[in-house]
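Please keep the structure open while you go through them.

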Amino acid sequence: MHLNKLLLSLLFICFSIYPVVNNAAPSHDPHNMMIGHENNPPLKAVVPESFPPFYFTNDEGLPYGMAIEVMNEVDHHAGYLTQYSVKKSWTDVFKSIENGEAQIIPNLGITEERKKHYFFTRPYVETEVGIFTREDSKFHNTKELKKLHIGVVEKNIGAKVARQHDIKKVTTFNSIKDAYSALIANKIDAIIYPRIIALSDAEALNISHYIYDTKITLLTIKRAIAISKKHPEIYQRLNHALEHYMNTQNYQDTYTAWHHAPPSSYSTKELILINFFILIASISIFVYIWKKSNFSTHESGNKNSIIWILTLILILITATTLVAGTTLYVLYETSFNEQRQRLIDSVKSRARFIESVARYDLKEYSEKRKGVTAYERTVSQIVDAHDKFRGFGKTGEFTMARLHNKEIVFILSQRHSHLTSPINISIKDERAAPMRLALFGHSGTTIDKDYRGITVLSAYEPIKVLKLGIVAKIDLSEIRKPFIDSALYILSIVILVSFFGAMLFFKIMMPVIKQIKDTEQRFHQLFRNNQSIAFLINPNNSRIIDANKAAIEFYGYTHAELCTYNLGILYPETSSEINEQISQALSGQKTLFTTEHRLQNGEARIVEILTNPVEIDNKTIIYYVVTDITEKINQELEYQQLQKEIEQTRKMEALGQLTGGIAHDFNNMLGIIMGYTSLSREKLSDAHDDKVIEYLDHVLTASDRAKELISSMMLFSRTEAGTNEALDIAPLVKEDMKMLRSIIPSSIEIETHIDDNLPAALIEPVKLQQIIMNLCVNARDAMHDKGNLIVQLKMQTETHQHCQICYDDINGDWLVLSISDTGTGMSDDIVHHLFEPFFTTKEKNKGTGMGMSVVHGIVKSLGGHILIDTEINKGTTISILFKPVYQTTELDKKSDTSNTLKMHNKTILIVDDEENLAKVVAEMLNTNDCQSEIYTSPLEALSAFQAEPNKFDLIISDQTMPELTGLEMIKRIRMTKPDMPAIIATGYSNSIDDRIANENNILLLEKPIMKVDLTTAINKVFK
């Protein structure tokens, strides 16, 4: 409440005192005005005879006008007394300055040329050069000037303006009067002339109703006091005095009197705009405090609510007081000026009337007629009239005085004095200011103290005929009183209305405020405590307004840090996505984006962003929800990779099965071909038919190559370990590299790096040789016979590597054989198809496409892995990972390779669903005095054996057959005869391998079967 009282007091003081201060300042210091001027030589001013409104000449030849009034005020303040001389024309005026007859021109337009010859004080008035036409003219703008016939006055600025606008039709006149006559007579279309002078002359000539002011200003001329360059000291004093004078009300009065409008005042429209601005400012302050102090969330009836009510009352009182005060001030200023003008008019009319009476008395009365002088008669009439009417209003009065021995002698009785005869006052007394000005020949107004020491508004005027001064004055308090009373009355009403208005506002608004508060609290609770990452974004600059707890925890920034930046802080780089997101959100649509955000620690996360516009405090805000989908995306990528790997695995398995099936059937056919060819060659060998033998050798050679191809296909399709041995592969690798030197050109440099004390690996030497051979040959071809081939063998620990054949993660210690080249490298697409049978990038007839398939089959059967590191044009490294073996397993390496069959006159049961193949085997056995029975059905063979179990000494069977496999058939046979010897010949089978064969005491023989292989196998069975 103390704050309220303080603000109200300040407002009252401002609006009560400001008009007084503004208007009560003395027009000039009366002491400084008179001190020393009598010691200065008089100023000599020269003026033209007529140049309205600045210069006029009365019937007595004395100059008057605005310039004269201004000069009379300025010279006394500067300590001068001015003497005027009047000239017929401006030419004569300028000559008077040139020849030293005069020193100043009270009012002259400022031009660059004139600045060379004169000092110019601060400009105190401006004249506009305008265009004047006949009342019936249709002239609208300056573009039409060039089409018109223009009139100007000789040696007037109008002629210069016409030249500047490149007007061709120009007529020059001796005076404005001649120009007006030509315009009215329709001899010219328009006149270019200073506006205020043109309008004054038109009024003086009584032709204003014929002249039309187009209101178009072509040039604005500043006018000031001009001082000869010979007198800079006069310029300094006059300029200082003029600046002081222009800050007084006297200057405003003088300007208004001669221009019919003050140089600066508030119009009704301006006043309305000022009040409107004050109201807008007050509302803005109200809203700002509301938001800043968060009063909207206060409960009704609590302490904060009371504070807010008082604050609202204070704001309302301040706003209405400002509006009322501004209005009162303008009304007061208007009333004050009207009162001032009434005093001026009253004192001037009285002064002129007294001068008329004085002149009459001088004319009618002789110097000593009847003992009474004309002066005395006139004064006595004035005193008599004054006694009958001493004043006006409550405090207004007229005083008249004369100067005698540096004292002011008051002639009229004083309204506020109880004395019958007024007391004389010294000319230097502070109470003598208005009368002193009048006695020194000045006219005007001032706010100063009167003979009582009371501040009054005074108008003063000299009565030159009688050398008297007359003053009309009124107490300033009388002028102010109605406005002070009104201000207090309005202030009381304002306080009451503001109080009840605020109470009514809160009575109506508090339920709404509470509802808004509850809504805001619910929203903020949902926003702050939401588990989803959320922001509030300013759509104008993408600035983060607020962030919830989840956002702070996720991004790692503090709340203050997030709310300092815009959305760009979340993006790895400045992204156009931000503007796109904001613009789409502002369109009113819910939008969903997937992008990448950067956390405070630099980690990149894939996020999904949902944006939606919301209205908060009548502003559109973007609600920005972020969902971290990094794990989801990674899982999807892993799933897609897994699906791809599964598809590849299935494809490779299918290819393996297809390859195995083809190999099985082809082995059967090849066995028939090779068997019969071999038998035919034995027969022909006895006949010594060399040519046919040569042909058969070619067939056998081609069959061997086909057998090797089938062997490669079988290696690719097999998954079992076979008869592998735990070998120290380091010396084997060294030997194989020596052998490879013969097929690797010398332009390729071979480097080997083989560590010592390596563990063994479970593998057959031939398979190891096949791996090294295929990889090195591919490396050679990739380098085009030029580069480096690097072979390394070492122990290596792998972590989360990805196998290229089984797609499993690789961890642990492995024996690694890596072969690197500096060749062309491989694309991802080539790597994807690398292990497929018959896939090759080599030219036709330069590769079978089985090399990497063989490597794939061998490594897979060993339970190993393959890693590929390749880069286009930089080379490839293929690493084979073997399981290390730390205990050597001894395998039976003995074999009987005798070609002599150890069983004669024995019966062998041959079972194969391929009848021709069975016949070939029978032919091979029959040549060695063996009996054989052939069956193409395993069930028929089983029945035949069960019928005569002792008839057969050996079973040679195919593995893959309809009805029963060879292994199943043998197991059933051994149910009858457990020690029955058996050989299974197979080209491809997933159901039997060396381990299974050994466990069942069965000898496994690979197709195609050659006679020597068959003989060796039978000898091994019956060794």
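1. Arg195 is buried, at a relative accessible area of 10%, where buried means under 20% relative accessible area, exposed over 50% and partly exposed in between, with a 1.4 Å probe and protein chains only. The model is a predicted one, in which local features need pLDDT of at least 70 and side-chain atom pairs count only at pLDDT 80 or more, while totals for chains, interfaces and linings use all residues. Residues are numbered from 1 along each chain as its sequence is written, and side-chain values use heavy atoms, with hydrogens and water left out.

2. What does Arg195 pair with? Arg195 forms a salt bridge with Glu128, the closest N and O atoms being 2.6 Å apart; a salt bridge here is a side-chain nitrogen of Lys or Arg within 4 Å of a carboxyl oxygen of Asp or Glu. Because Arg195 lies in helix 7 and Glu128 in strand 7 (residues 125-134), the pair ties together parts that are 67 residues apart in sequence. Glu128, for its part, is partly exposed, with a relative accessible area of 35%.

3. Helix 7 (residues 195-204) is largely enclosed by the rest of the structure, because seven of its 10 residues are buried. Besides Arg195, the buried residues of helix 7 include Ile196, Ile197 and Asp201, and the helix is followed by Asn206, whose phi is positive, near 60 degrees. Helices (H or I, at least four residues) and strands (E, at least two) are DSSP runs numbered from the N terminus, and the protein has 28 helices and 36 strands.

4. The structure holds 25 salt bridges. One of them joins Glu631 to Arg605, with the closest N and O atoms 3.7 Å apart; Glu631 lies in helix 18 (residues 630-687) and Arg605 in strand 22 (residues 604-616), so this pair ties together parts that are 26 residues apart in sequence. Glu631 is partly exposed, at 47% relative accessible area, whereas Arg605 is buried, at 12%.

5. Lys919 and Glu915 also meet in a salt bridge, at 3.5 Å from N to O. Because Lys919 and Glu915 are four residues apart in helix 24 (residues 915-926), about one helical turn separates them. Salt bridges that share partners also join Glu397, Asp450, Arg452, Lys473 and Asp475 into one network.

6. Phe593, in strand 21 (residues 591-598), counts as buried at 11% relative accessibility. With residues up to four places away in sequence set aside, the residues that Phe593 touches include Glu580, Val607 and Ile609, contact meaning heavy atoms within 4.5 Å.

7. Is Phe500 buried or exposed? Phe500, which lies in helix 14 (residues 476-529), is exposed, with a relative accessible area of 55%.
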